[in-house]
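Trainee: Could we take a close look at a single part of this one? I'd like to go slowly, residue by residue.

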Amino acid sequence: MFITPAFASAAPAEPNTLMSFLPMIVIFVIFWFLMIRPQQKKAKEHQAMLSALVKGDEVTTSGGLVGRIAKLSDQFVTLEVADGVEIVIQRAAIGQRLEKGTLKSNK
């Protein structure tokens, strides 16, 4: 009566392998442009900043210390954090370079 007879149909077609990997490829491309590429750009900028440091620059460390560069070497930097107080830190621990005169305005 109300039940329609079931007819045998052809076997389902095999999905295209490219179409099955397409969502993963699209997700990877989006991930690349939103996560990996900006991090690489920021790392290059940080390396350029570290290589451009000179004696007398005012910097902040990644730990939050603020000081003036007294000595530089390949791996280490000596920071003057107060009059006569110097500390030695790794060059990679410098977070950013400050504008000239920043330390004078804070004292």
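Which residues is T61 in contact with, leaving aside its neighbours within four places in sequence?

Mentor: Quick background: this is a predicted model, where local features need pLDDT of at least 70, side-chain atom pairs count only at pLDDT 80 or more, and totals for chains, interfaces and linings use all residues. Residues are numbered from 1 along each chain as its sequence is written, and side-chain values use heavy atoms, with hydrogens and water left out.

Now, your residue. With those neighbours set aside, T61 touches L79, I89, A93, I94 and G95 (contact means heavy atoms within 4.5 Å). T61 sits in strand β1, residues 58–61 (strands are DSSP runs of E, at least two residues, numbered from the N terminus). T61 counts as buried because its relative accessible area is 10% (buried is under 20%, exposed over 50%, partly exposed in between, with a 1.4 Å probe and protein chains only).

D57 is 12 residues from I69 along the chain, yet their C-alpha atoms are separated by 5.5 Å. I69 is buried too, since its relative accessibility is 3%.

Confidence is highest in strand β4, residues 85–90, at a mean of 95.

How values were computed: pLDDT is the predictor's confidence in each residue, from 0 to 100. Helices (H or I, at least four residues) and strands (E, at least two) are DSSP runs, numbered from the N terminus.
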